[in-house]
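Let's take a friendly walk through a protein model together. Have a look at the chain below, and then we will go through it piece by piece.

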Amino acid sequence: MEITAAVAADADAVAELHTASWRRAYATLFPAQYLNGPLLAERQQVWRARLADPVPGAALFLAVETGVLLGFVYLEPQPDGRVLLDNLHARPDYTGRGLGSRLLHHALSWATTAHPGQDVYLEVLQGNTRAVAFYERHGGCRTASRVCRFDQGFELPEFEYTWRATAPATTPSPVGR
């Protein structure tokens, strides 16, 4: 498996994986009408736009094996001086194999080099207990709790986790290939 930077041609594959990941992780959190409705089209629009006109300083990394997209991580610098880890997803049939750990480690290492001195943070739904446990195992410090308001008309509680720039990133154990 290799981790590479995405190009514009990767947008639809990323959107498909993103959709599949949300449908699994958020099956009991998001309204079924939304998950089973326009989600793929929305994700395609988001990823096509992000890759066609990238935010300066942002990065999308893909985990690929034999031409198959297994996971991805997206980071974007924010006006407050921090770096938002906006997405970290693995194929639903590939979770629990260390891929998320490798992508997170890659993202934190990249941020240290590309945005030295800037904290990395993310927002995770409180009901996504598997992800919450994952981020805590990997050294994320809970720094906020709030309600996330979705454009589709629903609200869910979320946590913010931060990896401080001054603290060394937790290095996950190497995983098999």
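Start with arginine 164 and aspartate 119, whose side chains meet in a salt bridge at 3.0 Å, N to O. A salt bridge here is a side-chain nitrogen of Lys or Arg within 4 Å of a carboxyl oxygen of Asp or Glu. This pair links distant parts of the chain: arginine 164 sits in the segment after strand S7 (155-163), while aspartate 119 lies in the loop between helix H4 (99-114) and strand S5 (120-125), 45 residues apart. Helices (H or I, at least four residues) and strands (E, at least two) are DSSP runs, numbered from the N terminus. Arginine 164 is partly exposed, with a relative accessible area of 43%, whereas aspartate 119 is buried at 17%. Buried means under 20% relative accessible area, exposed means over 50%, and partly exposed is in between (1.4 Å probe, protein chains only).

Before going on, keep in mind that this is a predicted model, in which local features need pLDDT of at least 70, side-chain atom pairs count only at pLDDT 80 or more, and totals for chains, interfaces and linings use all residues. Residues are numbered from 1 along each chain as its sequence is written, and side-chain values use heavy atoms, with hydrogens and water left out.

How many salt bridges does the structure hold? There are 11. Another one joins the side chains of arginine 146 and glutamate 123, at 2.9 Å from N to O. Here too, distant parts of the chain are linked: arginine 146 belongs to strand S6 (residues 141-149) and glutamate 123 to strand S5, 23 residues apart. Arginine 146 counts as partly exposed at 30% relative accessibility, and glutamate 123 counts as partly exposed at 38%. Both belong to a network of salt bridges that links Asp80, Arg82, Glu123, Arg146, Glu158 and Glu160.

Now turn to the strands. Is strand S2 (residues 59-65) mostly covered or mostly open? Strand S2 is mostly covered, with 5 of its 7 residues buried. Strand S1 (residues 2-5) runs antiparallel to S2, and 4 bridges join them; two strands pair if DSSP finds at least two bridges between them. S2 and S3 form a hairpin with 2 residues between them, and threonine 66 in the turn has a positive phi of about 45 degrees.
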